[in-house]
Amino acid sequence: MEIEFTLDGQTVRCPQGFTVTGALFHLGHRSVRVTARTAAPRSLFCGIGVCCDCLMQIDGRESVRACTTLVQPGMRVVSGQGAAAVVANQA
């Protein structure tokens, strides 16, 4: 079964059970955010929620770890731009 969600304003689909970063890689996207100073692309690094390289805006919440967040139908995902604050104890 596939799930439909929004990525940077465009409707996309991925298999059910994928994390956000898994869905991005499935769709051919390797960058989840860009750095503040040089706008260098950042991608998945640890994949287990320890580092902060995959922080994205998800459903209006800033700095969500995309590697540990499962895609939900209708989810709104926005690529990160610049420095992001790390939010502790994400649900």
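Guide: Contact means heavy atoms within 4.5 Å. Keep that cut-off in mind for this predicted model.

Visitor: Which residues does S79 touch, leaving out those up to four places away in sequence?

Guide: S79 touches D8, V32 and M56.

Visitor: Where does S79 sit?

Guide: S79 lies in a loop. The loop runs between β7 (76-78) and β8 (80-81).

Visitor: Why is S79 called buried?

Guide: Buried means under 20% relative accessible area. S79 has 17% relative accessibility, so S79 counts as buried.

Visitor: What makes the link between the side chains of S79 and D8 a polar contact?

Guide: A polar contact needs a pair of N or O atoms within 3.5 Å, one able to donate a hydrogen and the other to accept it. The side chains of S79 and D8 are joined by such a contact, at 2.7 Å.

Visitor: Let's turn to M56. Which strand holds M56?

Guide: M56 is part of β5, residues 55-58.

Visitor: How do you know whether M56 is buried or exposed?

Guide: Use the cut-off again: buried is under 20%. M56 comes to 1% relative accessibility, so M56 counts as buried.

Visitor: What does M56 contact, apart from its neighbours within four places in sequence?

Guide: The list includes L7, V20, L24, V32, V77, V78 and S79. R61, E62, S63, V64 and A66 are also on it.

Visitor: How far apart are the C-alpha atoms of M56 and Q81?

Guide: They are separated by 8.5 Å. Along the chain, M56 and Q81 are 25 residues apart.

Visitor: Now β8. How do you know that β3 and β8 pair?

Guide: Pairing takes at least two bridges between the strands. Two bridges join β3 (residues 33-34) to β8, and these strands run parallel. R33 stands opposite G80 in β8.

Visitor: What is the strand order in the open sheet?

Guide: The order is β4-β3-β8. This sheet has three strands, with mixed pairing.

Visitor: Why are β4 and β8 said to stand at the edges?

Guide: β4 (41-42) and β8 each have a single partner strand, so one side of each lacks a neighbour in the sheet.

Visitor: How much of the chain counts as buried?

Guide: Of its 91 residues, 32% count as buried.

Visitor: And what is the accessible surface of the chain?

Guide: It comes to about 5,400 Å². Carbon and sulfur atoms hold 53% of that surface.

Conventions:
Residues numbered from 1 in each chain as written. Predicted model: local features only at pLDDT ≥ 70, side-chain atom pairs only at ≥ 80, totals over all residues. Heavy atoms only, no water. Helix = DSSP H or I, 4+ residues; strand = E, 2+ residues; numbered from the N terminus. Buried < 20%, exposed > 50% of the residue type's maximum accessible area, 1.4 Å probe, protein only. Areas by Shrake-Rupley, 256 points an atom, 1.4 Å probe, with all protein chains shown as cover.
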